[in-house]
Structure formats: structure tokens, C-alpha cells
Amino acid sequence: MIAVVIGGGTMGAGIAHVLLAGGHEVVLAESGAERVAAARAAVARSLATAAERGKLDRAADELLANLTVVERLADVPAELVVEAVPEDAALKRRVLATAARACPDAVLASNTSSLSIADLARDLPGERVLGMHFFNPVPVQRLVELVHHDGLSPAVLAKAREWAEQLGKTVIEVRDSPGFATSRLGVAVGLEAIRVLEEGVATADDVDTGMRLGYGWPMGPLRLTDLVGLDVRLAIAEHLAAELGPRFEPPRLLRDKVARGELGRKSGQGFFTW
């Protein structure tokens, strides 16, 4: 299969990695020469790390030979397109419209973690548009959340499940709704963990240790927020608050940290120092 990934950031590079490791040819689209080079380097590093850990069936260089990184998406005989650009509905709609023209027969998947798939599919061939929500870090996390809306073809949903499972992922299917299932639940716990810290109930370390040892979480909610990015979590919380009400209103501490540029691991400081 030829697959297209649009957006070469953390998520896009990770999705490209798992598609390459699954034996597919990948066209990765980014904007600008610097971002093209950075995207290719990110995929190469990810594959090399996986090879060092014995997680690949083939040499990293051999897999990387099946990657093409481009500045502009032209006609591509792709079966699958996954957009992984920032969580901006207007941007995602423009990207998906471009993909629909460049890849007229492809399934069009959005990696959004919270935006309405029906809204993104507006003015597109909605029968082949769905949510295909991967989790960070993509090569490690086993889950893919497939999001279906009323206009989606059941055959397309079944094909997307087949592809995800071929990549070694476990699939859950959810109905199109703000935050779907995983983001809605994850954000709710994450926001409450921030409030617990904000109110001085417990330290960040103790909040996370309590959730790991008491509830079996592999990573505490505050460290997970650092990994996701405080700015990303804030944007999702604001969207969910607008759609679902004040229970998702972001705490002041989260807003203040984002305003100071404390965005988590990517900035070196969040609820923890990285």
C-alpha cells in the first residue's frame, strides 16, 4: 500500500514510522525545505531507535528507503491519507480538501484527538472520511481510536480497522462526539489532577505516584500532560468546555503555565523539569 501522511511533527513522524515498519510505502508531506528535512530526520531517528531496541523486522535504512518527503502533495495513487497537522479545524479541512484532490481514491483519515469528524468531512466525500486517532509515542502506544460519523461507509471503517490491526494496533470504534472517548476521559482526569496540584492537596510527584500505584496507570496524569504538551491539552480542554460545558473549563494554573511558555517536555519545563 502507498500511504500519505500530512504533517511531519511528532505525531506525523510516528505515524510514518509505523506505516513503514508495516511494510508500506509512505509519502510524508510538510511545508518548507527546513520542515521537510526535519521530518525526514525525525522518522530516521525513530526507526534507528526502534532498530537498536530490536523492535524492527527489517533494517532501519531499508525501511527508510520507502519514505518520500515532499513539500507539496501532487497526484499520489494512495489508498490511505492520514493528516496529522495541528488541532485547528479550518487548517484540517483545507489539508483534507487538498488530499481529496491529490488522492482521489484514498481513505481520508484525521488524527484529531477531539474535533468533529463530521465537521471536518464537510464539503468532502464524507463516505471515506473518518477519525484515525493514534497515540503518542505512536511506535510504542498500541491503541488506535477509529471515529465514525453518520456519512461514513461501513466498508471504509472495516478497511481502516484492517490497516490499523496490520500495524499491530488494538482498535476501538467510537461515535463522533466532542473528545470522542479517550480524550474526553483523559482530559477530565488530567484537569482534575491539575486542580489537585493548584489547590495544594498534593505535589505533582505524589499525584502521579498515587495514580500509578493506586490505579495502575503506567504514567501519572501530570507527567502525561507534560508529554502531550500543556498547550495541546489547553486547546482540547477549551474545545470540550465550549462543546460540553464548564466541567472541562481549564484550571488557571494550566493557563498560566502555557502563558509562561512552560509547555512540558518539548520546552523543558511543565509540571516537571525535563
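What is the handedness of the crossing of α1 and α2? I begin there, with the reminder that everything I describe today comes from a predicted model.

The crossing of these two helices, α1 and α2, is right-handed. Helix α1 covers residues 10-21 and helix α2 covers residues 33-52; their axes come within 9 Å and cross at roughly 55 degrees. Helices α1 and α2 are therefore oblique to each other. On the α1 side, the contact is made by Ala13, Ala16, His17 and Leu20, and these meet Ala42, Val43, Ser46, Leu47 and Ala50 of α2. Sorted by class, this contact of α1 with α2 holds seven nonpolar residues, two polar residues and no charged ones.

Let me turn to the nonpolar cores. The largest nonpolar core has 42 residues, and the members that touch the most others are Val43, Leu80, Leu130, Met132 and Phe134. Helix α1 gives the most to this core, contributing seven residues.

Setting aside its neighbours within four places in sequence, Leu80 is in contact with Met1, Ile2, Ala3, Val4, Leu19, Ala106, Val107, Ala109, Met132 and Trp163. Apart from this core lies another, of 25 residues, which includes Ala29, Val76, Ala100 and Ile117.

Is Leu63 buried or exposed? Leu63 has a relative accessible area of 2%, and since under 20% counts as buried, Leu63 is buried. Leu63 lies in helix α3, which spans residues 60-64. Not counting residues up to four places away in sequence, Leu63 touches Leu20, Ala21, Leu47, Leu56 and Arg58.

Thr225 is buried, with a relative accessible area of 0%. Its contacts, leaving aside neighbours within four places in sequence, are Leu230, Arg233 and Phe271.

In one of them, α10 (residues 230-244) packs with α11 (residues 252-259) at an angle of about 135 degrees, with their axes 9 Å apart. That makes α10 oblique to α11. The crossing of α10 and α11 is left-handed. Here Leu230, Asp231, Arg233, Leu234 and Glu238 in α10 meet Leu254, Arg255, Lys257 and Val258 in α11. By class, the contact has four nonpolar, no polar and five charged residues.

In the other packing, the partner is helix α7, residues 182-198, whose axis comes within 11 Å of that of α10 and crosses at roughly 110 degrees. Helices α7 and α10 are therefore roughly perpendicular to each other. From α7, the contact draws on Ser183, Arg184, Gly186, Val187, Gly190 and Leu191; from α10, on Arg233, Ile236, Ala237, Leu240 and Leu244. These residues divide into six nonpolar, three polar and two charged.

How values were computed: Residues numbered from 1 in each chain as written. Predicted model: local features only at pLDDT ≥ 70, side-chain atom pairs only at ≥ 80, totals over all residues. Heavy atoms only, no water. Axes fitted to C-alpha atoms, helices over the stretch in contact; angles between N-to-C directions. Helix = DSSP H or I, 4+ residues; strand = E, 2+ residues; numbered from the N terminus. Parallel < 35°, antiparallel > 145°, perpendicular 65-115°, else oblique. Left-handed = near helix turned anticlockwise from the far one by under 90°. Contact = heavy atoms within 4.5 Å. Nonpolar A, V, L, I, M, F, W, Y, C, P; charged D, E, K, R; others polar. Core = buried A, V, L, I, M, F, W, Y, C linked by side-chain atoms within 4.5 Å. Buried < 20%, exposed > 50% of the residue type's maximum accessible area, 1.4 Å probe, protein only.
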